[in-house]
Amino acid sequence: MQRRLLSRHGSAEATLEALGPRAFSRDAARREVEALERRGARLLFPGDPDYPPLLALLDDAPQVLAVEGSLAPFGLRGVALVGARNASAHGCRFAEELAEALALKDIAVISGLAHGIDGAAHVGALRTGTTVACIAGGLDVPYPRENAKLQRRIVEEGGAVVSEAPLGTAPLARHFPRRNRIVAGLSLGVVVVEAARQSGTLITARLAIEAGREIFAVPGHPHDPRSHGANDLIRQGAHLTEGAEDVLMHLPDAPLGRPTLRQMELPELPIMEPTPLPALGGAAQVLEMLGATPMPVDELGRRCQLSRPELAALLTDLELEGRIETLPGNRVALAS
């Protein structure tokens, strides 16, 4: 990798100068290059032949991009799947299935390696194709920690993990909007699966709109707050998405270069510190996973990682409390 950097910039001094935004000294920059090389990662700069071409179109494209894994996904059309961290089981299942179907059509699925919809999108894409995870911290600081195994799997199975942050950087609140612009910039279109009105997911949607990328949104039940942001996007002109064909039908070959929605009324969102989701007890976990849309009991148990006896006991208690309702076909939903 050092030889490639020298070839790109002409001299060691010029290479270290290019690394300036990632480090405070030439020695620190040199250590960064060596540490990345030990991980099997590399640095890309705008103008490099391997630099992601869609990302390069951004006015504020990263001047230094660390990539671990394969460069092959950057040669495919990219679609981002993003949504709530506290996603419903139904939303996670839809994200997995949509990502699986898109990857089967040689689409690189882009997301942010977060809890909920992001993680489900990466998992689904790996079943049939490839995926790119954009992270807010350094490549050596998985966030959330529970997704460290998924991050390794993406690298090992032909995907890529990218970051513009130096190694050792903790993911702070101010880093996530910058991460989100990379998610949007790598994509021809962004699909919002679940998002509340005051949701960080809408930052990615806004950035994609401003970059001229297509916007897709999955409609949700009006009683579920996690659907309000996506439903609002549809009202503003986002493509209503019920499956991969809805995405493929409207996915352009290149960015449009202009805002894609007729109205741009997305709220200005505060930058919040990404706090870890609390560990939930059995009943709370079940309620978090459920929504107004019925969910098969077997699917619920799989996502909650509960045994059938444990789940059956919890569902019985919750139904007696009037918090859920059991429906035909061995399905359950939150009580209306």
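Residues are numbered from 1 along each chain as its sequence is written, and side-chain values use heavy atoms, with hydrogens and water left out. Because the model is predicted, local features need pLDDT of at least 70 and side-chain atom pairs count only at pLDDT 80 or more, whereas totals for chains, interfaces and linings use all residues.

Strand S7 (189-192) is described first, with helices (H or I, at least four residues) and strands (E, at least two) taken as DSSP runs numbered from the N terminus. Two strands are treated as paired if DSSP finds at least two bridges between them. Strand S3 (residues 77-82) runs parallel to S7 and is joined to S7 by 4 bridges; Ala 80 has Val 190 of S7 as its bridge partner. A further 4 bridges join S7 to strand S8 (residues 214-217), again in parallel, with Gly 189 standing opposite Glu 214 in S8. The chain passes from S7 through H9 to S8 in a right-handed β-α-β crossover (right-handed if, with the strands pointing away from the viewer, the path from the first strand over the helix to the second runs clockwise). In a regular strand the side chains alternate between the two faces of the sheet. Both faces of S7 are covered: Gly 189 and Val 191 on one side, and Val 190 and Val 192 on the other, are all buried (buried means under 20% relative accessible area, exposed over 50%, and partly exposed in between, with a 1.4 Å probe and protein chains only).

An open sheet of 3 strands has the order S10-S12-S11 with antiparallel pairing. Its edge strands are S10 (295-296) and S11 (324-327), each of which pairs on one side only. S11 and strand S12 (residues 331-334) are joined by 4 bridges, and Glu 325 has Ala 333 in S12 as its bridge partner.

The whole structure contains 11 salt bridges (a side-chain nitrogen of Lys or Arg within 4 Å of a carboxyl oxygen of Asp or Glu). In one of these, the closest N and O atoms of Arg 181 and Asp 60 are 3.3 Å apart. Arg 181 belongs to helix H8 (residues 175-185) and Asp 60 to the loop between helix H4 (53-56) and strand S2 (65-69), so the pair ties together parts that are 121 residues apart in sequence. Arg 181 is buried at 6% relative accessible area, whereas Asp 60 is partly exposed at 43%. Arg 153 and Glu 157 also form a salt bridge, at 2.9 Å from N to O; Glu 157 is partly exposed at 40% relative accessibility, as is Arg 153 at 28%.

A salt bridge also links Arg 197 and Asp 232, at 2.7 Å from N to O. Arg 197 lies in the loop between S7 and helix H9 (201-210), and Asp 232 in helix H10 (residues 228-235), so parts 35 residues apart in sequence are tied together. Arg 197 is partly exposed, with a relative accessible area of 41%, while Asp 232 is buried at 18%. Through shared partners, salt bridges join Asp 60, Glu 164, Arg 178 and Arg 181 into one network.

The search for aromatic pairs finds 1 in the whole structure (rings of Phe, Tyr and Trp, the last by its six-membered ring, pair if their centres lie within 6.5 Å; planes under 30 degrees apart count as stacked, over 60 as edge-to-face and the rest as tilted). Tyr 143 and Phe 176 form this edge-to-face pair, 6.0 Å centre to centre with 70° between the planes.
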